[in-house]
Amino acid sequence: MKHGIYYSYWEHEWSAKFGPYVEKVAKLGFDVIEVAAHHINEYSDAELAEIRHTATDNNIVLTAGIGPSKSKNLSSPDIAVRQAGKAFFEQTLTNVAKLDIKTIGGALHSYWPVDYSEPVDKKGDRARGVEGIHGIADFAANLGINLCIEVLNRFENHVLNTAAEGVAFVRDVGKPNVKVMLDTFHMNIEEDSFGEAIRIAGPLLGHFHTGESNRRVPGKGRIPWHEVGLALREINYTGAVVMEPFVKTGGTIGSDIRVWRDLTDGADETKMDEDARNSLAFSRFVLGG
Ligand SMILES: O=C(CO)[C@@H](O)[C@H](O)[C@H](O)CO
Ligand SMILES: [Mn+2]
């Protein structure tokens with residue numbers, strides 16, 4: 001099991017450059033850095049090559065996260081939006097592959113965060129989402145990339161809220177490189193049991209996010225980490241465990257994640273680094289790896 005952190009912990013915008021964080025997370029002791037793929041198409045090949053070299057030099061593996069925008073929604077009822085989504089993913093996956101990334105996770109099948117001022121068509125969105133992911137799966141497979149479909153809580157997405165729904169979706173897609181992704185923050189809201197949800201995902205679990213119920217770093221709250229760790233061991237999970245803390249207010253990240261109070265307790269960067277380092281030690285101990 002490899003342990004990582006989403007670099008957005010330190011940032012306010014999904015567009016923030018992730019290159020400078022590779023060395024930082026290596027120094028903090030992580031194996032993996034997760035980067036936002038939202039704006040990767042704006043990076044030059046030279047920039048991507050340099051980031052890839054820095055990662056290799058620091059023994060860091062990269063993974064990617066994305067919350068696709070409404071205009072790139074693979075499950076949209078509007079065919080022009082679905083086509084734009086497919087084109088966006090093909091370009092994004094091509095660039096993601098330049099960083100040697102093998103895992104991209106998020107609401108790939110839909111968009112994020114969902115605009116609930118509009119009527120919800122769960123059945124139609126799910127059917128179009130299955131078709132959309134099916135339509136980009138082989139493109140990703142040819143680049144050696146797994147598509148990890150994130151199960152989110154009801155306030156952020158309506159298509160997949162539980163591990164069981166995630167598994168059924170992934171089975172309907174029926175491609176070996178399309179997997180389920182779980183996140184303890186969302187599980188805390190939707191699942192009856194953390195352990196059972198992880199066992200339901202079983203061999204289909206492709207990526208795993210961690211965070212407390214208020215998205216502080218693991219170890220500061222009341223998620224049943226021991227239960228989570230036992231279940232991950234039971235299913236022989238060998239993928240990445242990426243902590244995804246969101247503690248800062250402000251910017252698009254603060255607004256998309258609904259961070260309306262300072263959860264850093266006024267921490268400066270040094271203290272935030274220390275929190276991440278301590279949480280990593282806690283995560284390795286309680287989850288394994
Ligand atoms: O859990 C979440 C959102 O609540 C994330 O994984 C998100 O989809 C992605 O980080 C967007 O970049
Ligand atoms: Mn997540």
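Residues are numbered from 1 along each chain as its sequence is written, and chains are lettered from A and ligands numbered from 1 in the order in which they are written. Because the model is predicted, local features need pLDDT of at least 70 and side-chain atom pairs count only at pLDDT 80 or more, while totals for chains, interfaces and linings use all residues.

The chain has ten helices and eight strands. These are DSSP runs, numbered from the N terminus (helices: H or I, at least four residues; strands: E, at least two). The radius of gyration is 18 Å, close to the 19 Å of the globule rule for 289 residues, so the chain is as compact as a globular protein of that length. This radius is taken over C-alpha atoms, and the rule is 2.2 Å times the number of residues to the power 0.38. Along the principal axes, the C-alpha atoms fill a box of roughly 50 × 45 × 35 Å. Of the 289 residues, 48% are buried. Buried means that 20 or more other C-beta atoms lie within 10 Å of a residue's own; exposed means 12 or fewer, and partly exposed lies in between, with C-beta atoms placed from the backbone. Among contacts with a separation of 6 or more, 80% join residues 24 or more positions apart. A contact requires C-beta atoms, placed from the backbone, within 7 Å.

UniProt, in an unreviewed entry, lists residues 22–261 as "domain: Xylose isomerase-like TIM barrel". Its positions are given in the numbering used here, feature names are shortened, and annotations may be inferred rather than shown by experiment. The span is 43% helix and 15% strand, and its end C-alpha atoms lie 28 Å apart.

Ligand 1 is surrounded by 13 residues. The closest are Gly65, Gly67, Gly106, Trp112 and Asp183. A residue counts as near if its C-beta atom, placed from the backbone, lies within 6 Å. The shell divides into five nonpolar, four polar and four charged residues. Here Ala, Val, Leu, Ile, Met, Phe, Trp, Tyr, Cys and Pro count as nonpolar, Asp, Glu, Lys and Arg as charged, and the others, Gly among them, as polar.

Trp112 is also joined to Pro113 by a cis peptide bond, with omega about -15 degrees. Pro113 sits in the loop between strand S4 (103–106) and helix H4 (122–142). Most peptide bonds are trans, and most residues other than glycine have a negative phi. Asn59 has a positive phi, near 60 degrees. Its loop runs between helix H2 (45–57) and strand S3 (61–66). Asn59 is exposed, with 8 other C-beta atoms within 10 Å. Asn236 likewise has a positive phi, of about 55 degrees.

In helix H1 (residues 21–28), Tyr21, Val22 and Val25 are buried. They fall within an arc of 105 degrees seen down the axis, so they line one face of the helix. The arc is that of the directions from the helix axis to the C-beta atoms. Strand S1 (2–6), strand S2 (32–36) and H2 are included in their cover. Gly29 follows H1 with a positive phi near 100 degrees.

In helix H7 (residues 194–201), Phe194, Ala197, Ile198, Ile200 and Ala201 are buried. Their arc is 155 degrees, so they too line one face. Just after H7, Gly202 takes a positive phi of about 45 degrees.

Terms used:
Contact = placed C-beta atoms within 7 Å.
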